[in-house]
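Please have the sequence and the model open while reading.

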Amino acid sequence: METVNFPASPATPKTTNPTTSIPPNSSIKLKLLNLYPVNRALPSNRSAIILNPGKRSTSLFLTLCSTKPDTTTDGNPAAEFDSDTNSTSNAHQQNQAETASNQLLSSSSSFPSAAQSRGLVFDLGLKESWDGVEIGSPVVKRFLSDDEERWYMWYHGRSNKNPDTDSIGLAISSNGIHWERGKGAVQSSTDVGLVMKCGGDWWAFDTKSIRPSEVMIMSSTKVRAASAVYWLYYTGFSSEEVELSDSVLAIQNPEKLLYDNDIDQNFRIRKAFKSLPGLAISQDGRNWARIEGEHHSGALFDVGLEGEWDSLFVASPHVVFHNTDDLRMYYHSFDLKNKKLAIGIARSRDGIKWVKLGKIMEGGTSGGFDELGVRNACVVRNKKIGNYLMAYEAVAADGRSCIGLAVSADGLKDWRRVGDGAVLKPSLRDGWDSEGVGSPCLVQMEGNEDGGWRLYYRGIGEGGRTGIGMAVSEGRKLELFRRWVGFLHF
């Protein structure tokens, strides 16, 4: 078994760090780390993340994030949480989280039986929690050591207090099944709960909602810190609406799509909130600092020009580390010309400046499970074989979503669908995920005898209720994933 140390937490919280420029043309060497050494304590008057000084020119910027909305970067983020969302002690919060995990469905009469909750590993939070209305976009990472394992899951959530705004939170687990979660914002480098809210600047691309797409642990000569840092690629939504023209889509929400109930009783969709890709970095996975990209809104890059396939929005920027000079970003948009959702790719040398390469996958044949298109790609490199796997959300003509799988030798082109259909479909009528499954996240189970895979996903049930589920492969076979029902199936 490969030994991987757990990500370390800084000994002191972040302090004020003014906006600082990063030289855009410096020599960049990125390294994806398997080992994450324990850090020495930083002086209390220093920021946990320091940027290399450089020449004045067209610059990239780093700004601290807070879990409190509409705040500036002139204070300590650890002290900027809403008073009504302050967590209790870690011990009390852990006990509360374990109770919620062990009695996952006890607060809901919607899922009374084990059969109806098959595959569900993470339900909505408590009614007053930051994630009590909606959850999704799971980004799951597994860390191994000689004697134990830890799992981190970043995901988006929505509360009753802010029912139109998505934020990002963190849950942790010892087995990837039973999760510890927080009711409110994190207050320490070992806490769980809400970790990042929308941008507070009126001009920013992420003022409406944010959703995680991928988290990587990397070191870089462009970002100088005590050790490597987490890189969070995320989707940022603004209040700007984009027209889908005459392309009336019957897509199951929750996506940032706007219903037009004046058309018919099917509540079809003509608009979407504009989204762009963003980047934030952190030393503990909880306190985040945004990297402002080259676009005037702070995004990493803009939508395509009029007539290009990604001219409406850019969503779900999933990044894969290929080598020190080659990172790939997979994202989706809606192609107005073909009237289908599609997935494209961009490449980068430093993880910040990106060059688009075009579309690599779109909707399938008429009547197929992905006729309307594909989105929310999760691409991983198979460590056993060396090829690339893409789990994606497929949308049928009736708007129902399922999960498909594709493979590629180099991760750039010639993507081939696995099998003739979906590898995971919605459950039966009474199931918690009977209306659709999507936002997949693949985890290769290194060290296990069968060398199989876990597939985490967002499920949609009756009334649009959401949850996060898990399915497992039959060993190394990828044609079909089965929902988790208990440890006896591992």
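Two strands are taken to pair if DSSP finds at least two bridges between them, and strands (E, at least two residues) are DSSP runs numbered from the N terminus. The model is predicted, so that local features need pLDDT of at least 70 and side-chain atom pairs count only at pLDDT 80 or more, while totals for chains, interfaces and linings use all residues. Residues are numbered from 1 along each chain as its sequence is written, and side-chain values use heavy atoms, with hydrogens and water left out.

**Strand S23 and its partners**
- Strand S22 (residues 388–395) pairs with S23 in the antiparallel sense over eight bridges, and Tyr-392 has Gly-404 in S23 as its bridge partner.
- Five residues lie between the strands in the hairpin of S22 and S23, where Gly-399 takes a positive phi near 90°.
- S23 also pairs in the antiparallel sense with strand S24 (residues 416–417), over two bridges, and Ala-406 stands opposite Arg-417 in S24.

**Burial of S23**
- Because eight of the eight residues of S23 (residues 401–408) are buried (under 20% relative accessible area with a 1.4 Å probe, protein chains only), the strand is largely enclosed by the rest of the structure.
- Ser-401, Ile-403, Leu-405 and Val-407 point one way from S23, whereas Cys-402, Gly-404, Ala-406 and Ser-408 point the other way.

**Ser-311**
- Ser-311 lies in the loop between strand S16 (289–292) and strand S17 (315–323), and is buried, with a relative accessible area of 19%.
- Leaving aside residues up to four places away in sequence, Ser-311 touches Val-303, Gly-304, Leu-305, Glu-306 and Leu-336, where contact means heavy atoms within 4.5 Å.

How values were computed
Helices (H or I, at least four residues) and strands (E, at least two) are DSSP runs, numbered from the N terminus. Buried means under 20% relative accessible area, exposed over 50%, partly exposed in between (1.4 Å probe, protein chains only).
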